[in-house]
Amino acid sequence: MSDSNQILDEVTQSDYKYGFVSNIETETIEKGLNEDVVRLISMKKKEPDWLLDYRLKAFRKWQQMDMPDWAHLKIPPIDFQNIIYYAAPKKKETLTSLEEVDPELIDTFNKLGISLEEQKRLTGVAVDAVIDSVSVKTTFTATLAKYGIIFCSFSEAVQEHPELVRKYLGSVVPYTDNYFGALNSAVFSDGSFCYIPKGVRCPMELSTYFRINAANTGQFERTLIVADEGSYVSYLEGCTAPQRDENQLHAAIVEIIAHKDAEVKYSTVQNWYPGDKEGRGGIYNFVTKRGLCEGANSKISWTQVETGSAITWKYPSCVLKGDNSVGEFYSVAVTNNYQQADTGSKMIHLGKNTRSTIVSKGISAGRSHNSYRGQVKINKNATGARNFSQCDSLLLGDRCGAHTFPYIDTKNASAIVEHEATTSRISDDQLFYCQQRGLDAEKSISLIVNGYAREVLNQLPMEFAVEAQKLLAISLEGSVG
Amino acid sequence: MLEIKDLHVSIQGKEILKGLNLSVKPGEVHAIMGPNGTGKSTLANVITGRDIYDNISGEIIYKGKNLMEMAIEDRAREGIFLSFQYPVEIPGVSITNFMRAAMDEIYLYRGKKPMSGGEFLKYFNEKKQFVEMTANLANRSVNEGFSGGEKKKNEIFQMAMLNPDLAILDETDSGLDIDALRIVANGVNKLRTPENATIVITHYQRLLDYIVPDFVHVLYGGKIVKTGGKELALELEDKGYEWIKDHADIQL
């Protein structure tokens with residue numbers, strides 16, 4: 001193992017060292033999962049009875065379920081009794097200067113072009129009052145309040161807007177949906193809640209970045225976004241900076257509801273710790289993301305750039321219930337070293353003249369495995385439904401794998417479903433051509449890969465796209481030669 | 001500027017270049033002619049550093065430096081440019097972005113401050129005139145869906161952008177109609193200075209009507225067997241490569 005890997009390991013583990021042992025009042029409960037733990041979580045969060053009931057129902061359902069094994073993934077056994085399911089927002093060890101931070105991490109930040117102040121925030125270095133995120137948040141919240149937009153932590157929403165949470169929670173992803181979804185529904189820690197009122201066009205990109213406690217939402221994150229009639233919102237999740245966490249298992253749920261004429265654009269950059277170059281460590285990321293185009297002419301668009309995690313299991317989907325509603329999925333998934341990704345989308349066409357687009361770009365390097373898994377389902381009433389799917393795989397080297405599993409299920413004869421798939425490699429000719437123009441091998445690959453992924457990157461908000469490009473380059477470092 | 005001595009190159013056990021010598025000075029244009037399969041493109045590949053050969057021996061000195069020890073990209077950054085016979089497509093990468101990335105790298109290598117966005121665009125638009133590039137072409141992905149002529153124009157455009165000290169044109173005339181040939185050749189001529197040098201690799205004499213060489217070398221059987229002025233090209237065109245066998249400067 002190289003020195004840098006050792007440093008990486010030490011850094012990830014050092015979080016563990018400091019995470020739970022602290023002088024402040026410990027808000028951590030015992031390891032393990034049972035009904036008492038679920039009750040305790042609910043109680044600690046001062047939740048109303050209906051939410052506790054919801055959690056308990058989910059827990060009971062989860063106990064009867066088995067972990068899914070259909071994905072093209074090798075998942076080591078997970079001991080669910082060896083996990084701590086509740087820890088209050090914990091204080092990260094506060095460092096006094098960036099010099100105390102792992103130099104490799106700083107190097108990555110610099111490559112990403114993350115500002116010094118932001119680097120401090122991400123690494124837990126104390127920041128000075130001027131850029132204190134509290135003041136940023138205050139300005140931000142005031143602007144949103146003017147439009148009647150609610151954007152807060154999930155726990156806050158439970159206290160402040162229980163009627164909205166109760167109405168929509170589980171309405172798109174019921175607790176019975178799947179194994180990890182049931183687990184999340186039983187023990188979800190925190191997350192984001194967002195409501196855009198009728199006819200409001202949210203004037204800015206909503207980013208979890210602006211939510212102070214975003215850094216500590218924990219391993220069972222829950223997000224609920226409701227766009228009321230005729231509203232619009234663009235929502236950004238995650239950030240390009242490397243995300244480290246002592247929790248190996250992550251099982252999040254994101255639910256989106258778009259009412260009549262509403263549009264929600266959801267962009268993700270996921271860069272959890274992928275494990276070291278030998279495949280040790282790394283986050284297991286089991287996510288259920290689903291949007292419901294509830295009303296006519298509504299639209300939900302998912303864009304994701306997935307570069308992190310040791311294991312990714314994720315299928316952002318759209319249920320196209322309203323007539324003329326539109327679902328989109330744009331994805332770039334990069335796997336390197338020993339990473340595994342099984343990701344794709346589901347488009348469920350229920351309403352008339354519903355349209356969906358899937359563009360998936362997989363990039364595999366090292367000894368990684370990258371699978372696209374997608375389902376397009378046209379129900380019998382979805383007259384005039386259309387889908388176009390394009391799944392491209394790019395292989396770097398000859399020890400990685402790319403796999404495509406498309407499922408198409410049409411019950412209406414008027415539907416038009418198209419599926420295109422390609423697999424390609426970066427050719428020696430392309431590399432030589434770029435190098436002859438003065439680019440080194442890694443820059444050349446980064447350029448070629450970014451070109452390959454451009455269709456998806458173009459869907460991201462501008463500044464996110466620039467960061468994502470750099471991220472792709474960094475994720476593939478060391479994949480040649 | 002470039003000194004090649006006793007260059008031997010083999011691929012898959014077969015020797016392609018068998019003791020080639022070549023000397024190029026600043027301000028000169030050298031034409032390398034010869035029948036197919038005689039090692040013309042191999043010469044271009046070896047100078048630029050393409051790593052597909054089993055065995056390379058001999059000496060290539062460029063501006064006093066041993067080229068054999070330099071990476072492909074460093075040779076390019078030192079001012080060596082190859083106009084490809086078959087330019088490859090790079091989908092999704094616009095020519096603008098491609099050139100921006102290349103120039104930034106070259107400037108960094110040379111210890112110069114990379115151009116600002118505005119400076120770059122101005123420079124870019126200026127150079128487009130060299131090969132009468134349409135605005136539209138510059139926004140397209142590198143070589144994707146280009147016609148043969150567009151690809152070659154794009155190569156010379158890149159040459160104008162990178163302003164190399166040593167340019168190697170590998171069969172730049174192939175696939176060009178007469179108008180495109182003139183545009184491309186004019187571009188090359190306008191880029192000529194007393195400081196830079198050009199090696200024109202070609203099968204036919206046609207291109208040399210437009211890009212007039214100072215020296216013509218005939219590459220045959222892995223060696224340069226005859227060297228002359230521009231009239232040698234005409235003689236070759238007239239008499240064919242069979243003729244060279246009896247009129248080589250060296251023992252074949």
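How many salt bridges does the rule find across the interface of chain A and chain B? There are 3 salt bridges across this interface, a salt bridge being a side-chain nitrogen of Lys or Arg within 4 Å of a carboxyl oxygen of Asp or Glu.

This is a predicted model, in which local features need pLDDT of at least 70, side-chain atom pairs count only at pLDDT 80 or more, and totals for chains, interfaces and linings use all residues. Residues are numbered from 1 along each chain as its sequence is written, chains are lettered from A and ligands numbered from 1 in the order in which they are written, and side-chain values use heavy atoms, with hydrogens and water left out.

**Interface of chain A and chain B**

The size of an interface is often given as the accessible area lost when the parts come together. Here the buried area is about 2100 Å², with carbon and sulfur atoms giving 61% of it; buried area is the accessible area (1.4 Å probe) that two parts lose on being put together, summed over both. In chain A, the residues that lose the most area to chain B are F432(A), Y433(A) and R437(A), which together account for 38% of what that side buries. Chain A brings 19 residues to the contact and chain B brings 31 residues, where contact means heavy atoms within 4.5 Å.

**Salt bridges**

Over all chains, a search of the whole structure finds 29 salt bridges. Two examples are tabulated.

| E105(B) | K443(A) | 3.0 Å |

Helices (H or I, at least four residues) and strands (E, at least two) are DSSP runs, numbered from the N terminus.

**Helix packing in chain A**

Helix α3 (residues 49-64) of chain A packs against helix α9 (residues 179-187) of chain A at an angle of about 145 degrees, and their axes are 7 Å apart. Axes are lines fitted to C-alpha atoms, for helices over the stretch in contact, and angles run from 0 to 180 degrees between N-to-C directions. From α3(A), the contact is made by Y54(A), R55(A), A58(A), F59(A) and W62(A). The residues from α9(A) are Y179(A), A182(A), L183(A), S185(A), A186(A) and V187(A).
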